[in-house]
Amino acid sequence: MAGPSHTIVAIAKKDLKPGDHIFAWRVIRAYSHHGIYVGDGQVIHFTTPQEALDEIAKEYPDSLIVDENPKSKPCERCGYIVGGSPGIGVMKTCIEHFAKTYHLYQYNVSWLEVLLRPRGTCCPYKSKPLEDAVKTAYAKLKTGFGKYNLLTNNCEHFATFCRTGRKFSGQVLPWRLPDLYKPEMVPIEELEKLAAGDNI
Ligand SMILES: [Zn+2]
């Protein structure tokens, strides 16, 4: 399922800058979780409710939803409770609860390249300055990001919205597009609509 030529390299916590958009694979290369790193080891992300995870598990019955082992006590730093998360919606948690391995999401990638790379790893739009992403993520932490929907309002929509002011999710785009080998053949308008979800 991975793109033919593009390698996704993990980034270390020490190399992250506030405003960076990171993602982690939750199901073997089929579904990725996204968030905005806001500094101090913390990530703001739009969490996936259990119903949506069940839906993914149905769609990929052979894959495993990776999660940490349940523990009863909330995290002393961020309050996160593994396996019994207190807040469905936008959360700020330690990066360790987000994922053990994570990668940098890419912006300003050509549409053709977006379609060639694994879905949910890059976006064709230009990013705003990183500090704007941090501001938007904190604003949404207060107001929320609407109701979660796998296709129209997911964690990738949240992170791309923070970075660009526009919702985009590559994960909802079709895997196969016929005869797509020239940039001018990419049906950009159609794909933009699909990727924008419910476009809050
Ligand atoms: Zn924590």
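**View 1. Ala137 and its neighbours.** Leaving out residues up to four places away in sequence, Ala137 touches Ile36, Val38, Ile44 and Cys162; a contact here means C-beta atoms, placed from the backbone, within 7 Å. Keep in mind that this is a predicted model, where local features need pLDDT of at least 70, side-chain atom pairs count only at pLDDT 80 or more, and totals for chains, interfaces and linings use all residues. Numbering starts from 1 along each chain, following the sequence as written.

**View 2. The largest nonpolar core.** This core has 33 residues, and Ile36, Val38, Val43, Ala137, Phe158 and Cys162 touch the most other members. Helix α5 (residues 155–164) gives the largest share, five residues. Such a core is a set of buried Ala, Val, Leu, Ile, Met, Phe, Trp, Tyr and Cys residues joined through C-beta atoms within 7 Å. Buried means 20 or more other C-beta atoms within 10 Å of a residue's own, exposed means 12 or fewer, and partly exposed is in between, with C-beta atoms placed from the backbone.

View 3. Helices (H or I, at least four residues) and strands (E, at least two) are DSSP runs numbered from the N terminus. On α4, the buried residues are Ala133, Val134, Thr136, Ala137 and Lys140. Down the helix axis they fall within an arc of 165°, so they line one face of α4; the arc is taken from the directions from the axis to the C-beta atoms. Their cover includes β2 (31–39), β3 (42–46), β4 (90–94) and α5. Turned away from that buried side are the exposed Glu131, Ala139, Lys142 and Thr143.

Notes:
Contact = placed C-beta atoms within 7 Å.
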